Amino acid sequence: MEPYEAELYDVFQRIGITEYKVHEHKAIFSTKEAEEAGLVMAGLNLKNLLIKDKKTEHFFMIILEDHRHMDAKHFKSLTGWGKIRFAKEEEMWDLLRLTPGSVSPFGLLSDKAHRVTVVLEKLITEAAAEELVNFHPNRNTATLSLQKRDFLKFLEYIGTEVIFEE
């Protein structure tokens with residue numbers, strides 16, 4: 001187990017997150033690959049897009065249902081970002097210690113300077129507290145399922161700014 005994944009489980013234990021399940025699988029790089037491999041999990045299957053505001057140098061992790069396309073104009077109204085682009089591989093590594101295909105909100109453990117703001121789409125915002133949410137545990141060869149309430153507890157613990165789509 002990689003140190004960044006081990007750190008995640010240590011944090012879970014520290015803050016009382018005990019109900020989660022890790023599903024091992026082959027490396028997955030896209031929603032299409034996950035579907036083709038039959039890796040659609042119970043609960044909300046989500047994707048994480050790491051976006052950089054070119055002017056402010058601030059980053060946003062947009063968390064969406066895996067089939068939803070990101071509407072940049074819509075999210076600009078929520079975030080106030082200016083001109084944006086997807087984060088580069090080196091930026092992903094420097095900020096989150098993650099590589100393309102494994103971007104996960106759990107990588108925010110490495111963002112000690114809080115340079116990334118999380119944006120949760122409406123589907124997540126409106127989901128019941130016990131609804132399962134699914135993310136990579138800082139590697140794309142597994143999916144971690146946990147309740148939405150525990151995911152929000154994690155975000156609160158690490159002190160990341162969160163914007164809720166309404």
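**View 1. Surroundings of R139 in the predicted model.** Leaving out residues up to four places away in sequence, R139 touches E5, V22, E24 and S102, where contact means heavy atoms within 4.5 Å. R139 lies in the loop between strand 6 and strand 7; helices (H or I, at least four residues) and strands (E, at least two) are DSSP runs, numbered from the N terminus. With a relative accessibility of 19%, R139 counts as buried, given that buried means under 20% relative accessible area, exposed over 50% and partly exposed in between (1.4 Å probe, protein chains only). This is a predicted model, in which local features need pLDDT of at least 70 and side-chain atom pairs count only at pLDDT 80 or more, while totals for chains, interfaces and linings use all residues. Residues are numbered from 1 along each chain as its sequence is written, and side-chain values use heavy atoms, with hydrogens and water left out.

**View 2. L144 and its contacts.** L144, found in strand 7, is buried, with a relative accessible area of 0%. Although L144 and Y20 are 124 residues apart in sequence, their C-alpha atoms are 6.9 Å apart in space. Neighbours within four places in sequence aside, L144 is in contact with residues including L8, F12, Y20, F106 and V133.

**View 3. The largest nonpolar core.** This core has 34 residues, and those with the most contacts inside it are F12, L50, I63, F106, F151 and F154; a nonpolar core is a set of buried Ala, Val, Leu, Ile, Met, Phe, Trp, Tyr and Cys residues joined through side-chain atoms within 4.5 Å. Among the elements that each supply at least two residues of this core are helix 1 (3-15), strand 2 (44-53) and helix 6 (148-158), and helix 1 gives the most, with 5 residues. Beyond its neighbours within four places in sequence, F154 is in contact with L8, V11, F12, I15, I17, P105, F106 and L109.

**View 4. The salt bridge between E7 and K112.** The side chains of E7 and K112 meet at 3.9 Å, N to O, a salt bridge being a side-chain nitrogen of Lys or Arg within 4 Å of a carboxyl oxygen of Asp or Glu. Because E7 lies in helix 1 and K112 in the loop between helix 4 and strand 5, the pair ties together parts that are 105 residues apart in sequence. E7 is partly exposed at 27% relative accessible area, whereas K112 counts as exposed at 61%.

**View 5. The salt bridge between E121 and R68.** The closest N and O atoms of E121 and R68 are 3.0 Å apart. E121 counts as buried, at 5% relative accessibility, while R68 is partly exposed, at 23%.
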